[in-house]
Every structure is written in C-alpha cells, then in structure tokens.
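Biologist: Could you walk me through this model, one question at a time?

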Amino acid sequence: SNCTPQMLKQFAVMGMTFSKNVLGIENPRVGVLNIGEEAGKGNELAQAAYNLLEEEKEKFNFMGNVEGRELFLNVCDVVVCDGFAGNVVLKATEGTASLLFKMIKSEFKSDFLGMIIGALAKPFMRRIYEKINYEEFGGALLLGVKGITVISHGSSKAYAIKNAVRVAKEAVITGVNTKIAESI
C-alpha cells in the first residue's frame, strides 16, 4: 500500500524514538528523502511530508529535504521515505559498496606494488568492511508493529541470524516499542 504524509510523520516519530532510546542520540535530526533540498522539490508525498514536519520543526528537529548523496554525510540522523524508495536506496547502497570493494581488491592484485600496498592495507580494509557488513548488524527492527520483529538480509547465514537475535534482545531491553507507542 502507498504511504501517506501522516505515515511519514509517524516514521519520523518512530525513528526519533529509536535513535534516542537505542542509539543514544539526544536530539535526533530528521530529514525527508528527496531529489533536492528546496521545499518544493519531489513528488506529492515528499512535499506534503516536508510541510507536515516543517510545521513542527522544533519538535522534530527537522533539517528539511535530504538528497541521496547526503545520506551518509551526517546531515541528519533519521531520514523518512516510503518503503519503495527506502528499499531502492538500501539495495543501491549495498551494490555500490560491494562494487567498490571488488574494485579495490582488483587494484591490489593488479601489479607487484599493488600487492604490497594491499597486504599493508588488509587490516584497515577488514575494519572498514566490518563496519558496513550486514552480517555484523544482523538485521533491522521493523518499527510500528506490535512485538519485536527484525528483518534480516535474504542471504543471511548463522552469524547474521545470531546478530539479529542480539538486535531483538536489545529492543526488548530498551523497551523501544513501548516508548514508540507513548510517543505516538
């Protein structure tokens, strides 16, 4: 089903509550995923969500529209969008990261100097990979449902599932669902 602007506003509340109570961000900054920073940009949903959040700018610590290229530049802590756009962003990001690592690995094997540099860089590359590897995260909480639901990557193996159980445990310990219900 399609999202309404009010649903995106509720996503902002859920994202803020999660960020405060699970991630420890005191005053999470909220943005709307859009094709430009200006208020009049984007489709009807993005424009209407912008207007709803702008009306309560202080409550939401609303930063405005966030472009896809800004998602990882610390412009805001919570980015709201519909599920279709969010899934496209997620899959495109995953594919880009995978391609980048393959290209770097290929360059490290391209000649003797590359192999030496690659051997020296291996521990650094491993640490970077661990920071972005979906198996380390295990999964993401599906907010807005009764109970605890964690969504994992379709190709998750035992290690990722173990970490998904950890995510569910943390959600229970922090009481994030109760806090979201209270916020809404």
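The questions and answers below go from the whole chain to single residues.

Biologist: Hello! What kind of model is this, and which pLDDT do side-chain atom pairs need?

Modeller: Residues are numbered from 1 along each chain as its sequence is written, and side-chain values use heavy atoms, with hydrogens and water left out. This is a predicted model, in which totals for chains, interfaces and linings use all residues, local features need pLDDT of at least 70, and side-chain atom pairs count only at pLDDT 80 or more.

Biologist: How many helices and strands are in the protein chain?

Modeller: Helices (H or I, at least four residues) and strands (E, at least two) are DSSP runs, numbered from the N terminus. In that direction the elements run α-β-α-α-β-β-α-α-α-β-β-α-α. The count is eight helices and five strands.

Biologist: What share of the residues in the protein chain is buried?

Modeller: Here buried means under 20% relative accessible area, exposed over 50%, and partly exposed in between, with a 1.4 Å probe and protein chains only. The C-alpha atoms fill a box of roughly 60 × 40 × 30 Å along the principal axes. Of the 184 residues in the chain, the buried share is 28%.

Biologist: Among contacts between residues at least 6 apart in sequence, what share joins residues at least 24 apart?

Modeller: A contact means heavy atoms within 4.5 Å. Taking the contacts in the protein chain between residues at least 6 apart, the share that joins residues at least 24 apart is 64%.

Biologist: Why is the pair of Tyr50 and Phe62 described as it is, and what is its class?

Modeller: Rings of Phe, Tyr and Trp (its six-membered ring) pair if their centres lie within 6.5 Å; planes under 30 degrees apart count as stacked, over 60 as edge-to-face and the rest as tilted. By this rule the count comes to two aromatic pairs. The ring centres of Tyr50 and Phe62 are 5.2 Å apart and their planes stand at 75°, so this pair is edge-to-face.

Biologist: Where do the two partners sit, and is Phe62 buried or exposed?

Modeller: Tyr50 is in helix H2 (residues 44-55) and Phe62 in strand E2 (residues 62-66), twelve residues apart, and the pair links distant parts of the chain. Tyr50 has a relative accessible area of 13%, so it is buried. With 3% relative accessibility, Phe62 counts as buried.

Biologist: Is Asn163 buried or exposed?

Modeller: Asn163 lies in helix H7. Beyond four places in sequence, Asn163 touches Glu135, Glu136, Phe137 and Gly138. Its relative accessibility is 6%, so Asn163 counts as buried.

Biologist: Which backbone oxygen lies 2.8 Å from a polar atom of the Ser156 side chain?

Modeller: Ser156 is found in the loop between strand E5 (150-151) and helix H7 (158-174). Leaving aside neighbours within four places in sequence, Ser156 is in contact with Tyr134 and Ile161. The backbone oxygen in question belongs to His153.

Biologist: What is the phi of Asn74?

Modeller: Most residues other than glycine have a negative phi. Asn74 lies in the loop between E2 and strand E3 (78-80), and at 54% relative accessibility Asn74 counts as exposed. Although Asn74 is not a glycine, its phi is positive, at about 60°.

Methods
A polar contact is a pair of N or O atoms within 3.5 Å; within protein, one must be able to donate a hydrogen and the other to accept it, and residues adjacent in sequence count only if both atoms are side-chain atoms.
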